[in-house]
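Hi,

Here is the structure I promised to pass on. Have a look at it first, and then read on for my notes.

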Amino acid sequence: MTSLDGVIPGIVDAHLQQWNPRRTPWAANRASRLYRFVPGIGDRIFPVIVSRADREYVLTPRTVARTYEPRQYAADIAGVPAVAGVPIDTVVHMESHWRAESIEDQPAEDTTSVEETRYVVGLPFGERGAPRLGALIAHADPRAPEFGRILDEHAAVTDLFRGVRIISSRHPDPRVRDGGDTEGMLASAAFLEGFGEIAARKLIFDASVYSHQLYDVVTLAREYPDTPIVLDHFGIPAGVFGPIGLRTGATAAARADIMRLWRERMTTLAGHRNVSVKLSGLAMPVLGFGHERWGNIGDQATLAEMIGPFVEHIITHFGTERVMYGSNYPIDKPNSRMDMQVGALIDCLSRLGPDALRKVFRDNALRTYSIEEVSAP
């Protein structure tokens, strides 16, 4: 493994989420409410009260039901310098579902997501070993009434506001977790019309879809070629490493087909120069690593071997200018320590040399999210 020491002063984690169950208004988050009051019981009855789709998505209630703020994140990244040679010094916060469960449930004047923005900028980033907050991506739905006004409210809260994300992932397997409220959301007429408010303000859009939905991102990129779009979690090829849900990835042939279709769609998407890819979610449970609640990958070498073909394909087609690293913590935490995740990705990229490492682990995120570089102390 190549060290990043002398290549960059620190890593930018372009995909971090923070929450506190006492303050986070997640709709229908029964596991969070129960775990907050009775952690031991929450562990035992988690498989009973939570759907299989949600269990396979997070593996353990501890991922979402415990507070995860800068202090917890600082503890998780403490081992990164030992494998990378440099610390994580900057983060991009990604919205974490502070909203009603469906657009129909939201009042016309809903500003729940703006409350998340206020919460995040009030957290103690940059203190006691925690990295600085470099940028913030908020939730907002282009189909919603007063979408433009809500964008402006986010911007009024902080000058770190850079854009929005709405999770639109939906899967044909009924036992795989859906994030979006309707199929084809990104390509719908209402979404495309509302998206003009993002373009007019020169904001960024982070897209979160499953791999079979990647052509929806193609449609969006084609309609708005001047708006930067960042594809989260390298397109989430759910089940590509093993069985999830009812039948997804259940056989070697099925997993090969998931990989083939992912490759084809990513190649097409790469033709749109306004699209970047985030190498985040590398250890997401929904990829099919396994179902044990305390880790299913093993070690750094195993993770590097599994993600290597995906990283290679992305770099081949998107180049090193349109790819960046993100931890997706704490969702990836059950399967992979942060140092293991960072080390595996360095292993995959080291053959490309220091220029590629600098871009993927720092420069591309700084540029894409308009984060000001800081001089080393």
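Before the details, one definition: a polar contact is a pair of N or O atoms within 3.5 Å, and within protein one of them must be able to donate a hydrogen and the other to accept it. With that in mind, take a look at histidine 139, whose side chain reaches the backbone oxygen of arginine 165 at 3.5 Å. Histidine 139 belongs to strand S3, which covers residues 132–139. Its relative accessibility is 5%, so histidine 139 counts as buried, the cut-off being under 20%.

Keep in mind that this is a predicted model.

Now the overall picture. The protein chain has 15 helices and eight strands. It runs to 377 residues, and 58% of them count as buried. The accessible surface comes to about 14800 Å², with 50% of that belonging to carbon and sulfur atoms. As for contacts, if you take those between residues at least 6 apart in sequence, 79% join residues at least 24 apart.

How many aromatic pairs does the structure hold? The count is eleven.

Another edge-to-face pair is formed by phenylalanine 234 and tryptophan 262, at 6.4 Å centre to centre and with 85° between the planes. This pair links distant parts of the chain, as the two residues are 28 apart. Phenylalanine 234 is in the loop between strand S6 (229–231) and helix H12 (252–270), while tryptophan 262 is in helix H12 itself. Are these two buried or exposed? Phenylalanine 234 has a relative accessible area of 2% and is therefore buried. Tryptophan 262 is at 0% relative accessibility, so it counts as buried too.

Cheers

Methods: Residues numbered from 1 in each chain as written. Predicted model: local features only at pLDDT ≥ 70, side-chain atom pairs only at ≥ 80, totals over all residues. Heavy atoms only, no water. Phe/Tyr/Trp six-rings, centres within 6.5 Å; stacked < 30°, edge-to-face > 60°. Helix = DSSP H or I, 4+ residues; strand = E, 2+ residues; numbered from the N terminus. Buried < 20%, exposed > 50% of the residue type's maximum accessible area, 1.4 Å probe, protein only. Contact = heavy atoms within 4.5 Å. Areas by Shrake-Rupley, 256 points an atom, 1.4 Å probe, with all protein chains shown as cover.
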